[in-house]
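Welcome! Please take a moment to look over the sequence and the 3D structure before reading on.

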Amino acid sequence: MRTSRRNSGQVLLIAAFIMASLLLSAQLYVIEVGKISTETETASVNDFILVVDMGSRHVVIGSVANISNGGPTSVLASNLEKWSWIIGRQYKFGKNVLNYTLRGSSPYSSGIWTYWGTNGFGTSSGYVNFTYTLKDREVDLVHPYFINVTTSLLIESSYRTISGDTKQVNVTITVLNEGQPAPAKQIAVQYKFSDNWLTPNDYTIMDYGNGTYTASFTADIPSATVEVSARVVDQRGIFVQANATGSPI
Amino acid sequence: MFNRKGQIRIIEAFFSIAVVFSVLLISVTFPSQPDLTGQTQLANLGMQALMQLDGNGTLGNLILQENWTAIKTCLDVLLPLGVSYNLTVYDESMLQINSQAIQNSNLQGHEAVSVEHVCATQSTNTEFFILRLQLAWAQ
């Protein structure tokens, strides 16, 4: 009896420690269980604006590729309409609106300019002005920007008469994306023979690695002038064509 | 002698109460909020990876090709070691289209953060996808 009375303080202390450890472990368990179901959605306004810019560019590139390959001009507007709708419903923390205006001033029409000339120059281009508006609890911004997607083609031709009607023809082809040299995905060269465009039987293309190519071929061309045509598809799938008249060497 | 024993009891009782209260105090002040700094870092890493992949239209092309393995390989390269992820690709109607999981580990039991990315393809038939990337620090 004396021993149990003497130890009762220690028992109290041990009980307190046990209670403390129970409380602590219960709290830790609650925190761990909470962690499993925790999934926070984060979206930075700056990141979202970059995503909108990037996507707008992709839409214009795809639309110009479609139109330059024979699709209707209305594709650009319909794709942008869909893009604006998707963007409008995407940002969850406020109201956002993406408006667009297709460039209509010359030489553009409905945001598109395709010119495949006979003077050695061809271009397939799309130009759209955007205004992105975002309003939420912390941000109220208007972000105007434009997307200009232009694939241009410059060709120069020269020829040398080998014998009779047989001519050695060289065509220098330069591909540009937004004015900067760019690689091509496909290149096809043709020459004019009695009002028909023919593909040379055998021609070589030299790639200089800077968006410049030289196509060389030999063909029987009876006419005094040598007209050539280059058809190029760039890495983005945009088609462009240009014709030129060769100069004798 | 008797009085001294009583004083010791009182001290022991006070000590016991102090232990219990200090534990209660720790419990209350224990960080029950998620680690927002770590989550913001994760979200930034995820967005950077997706934007880098989408910059030249690669992401859209890979989705069109349904090349989920290539997307996973790219994310493995773009995201640092120690980050677990799970990517889900939806079409514009929010129907999941990735037929296989694009993830490097299971995120169950992790404190995860989720970022969304809208992707437009550069193809002649423009298509739109919504990507949800869930990220967590690997344990």
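This is a predicted model: local features need pLDDT of at least 70, side-chain atom pairs count only at pLDDT 80 or more; totals for chains, interfaces and linings use all residues.

Residues are numbered from 1 along each chain as its sequence is written, while chains are lettered from A and ligands numbered from 1 in the order in which they are written.

On chain B, 44 residues are in contact with 42 residues of chain A (C-beta atoms, placed from the backbone, within 7 Å). H1(B) gives the largest share of the chain B side, 12 residues. Helices (H or I, at least four residues) and strands (E, at least two) are DSSP runs, numbered from the N terminus.

Next come two helices of chain A. H2(A), residues 45-68, packs with H3(A), residues 74-90, at about 160°, and their axes lie 9 Å apart (axes are lines fitted to C-alpha atoms over the stretch in contact, and angles run from 0 to 180 degrees between N-to-C directions). The pair is therefore roughly antiparallel (over 145 degrees). Among the residues that meet are A:Val59 in H2(A) and A:Trp83 in H3(A).

The table sorts two contact sets by class; Ala, Val, Leu, Ile, Met, Phe, Trp, Tyr, Cys and Pro count as nonpolar, Asp, Glu, Lys and Arg as charged, and the others, Gly among them, as polar.

| Contact set | Residues by class |
|---|---|
| Side of chain B that touches chain A | 20 nonpolar, 18 polar, six charged residues |
| H2(A) with H3(A) | eight nonpolar, six polar, no charged residues |

Finally, E3(A), residues 112-116, and E4(A), residues 121-136, pair in the antiparallel sense over five bridges (pairing needs at least two DSSP bridges). Within their hairpin, A:Gly120 has a positive phi near 90°.

Technical notes. Two residues are in contact if their C-beta atoms, placed from the backbone, lie within 7 Å. Angles under 35 degrees count as roughly parallel, over 145 as roughly antiparallel, 65 to 115 as roughly perpendicular and the rest as oblique.
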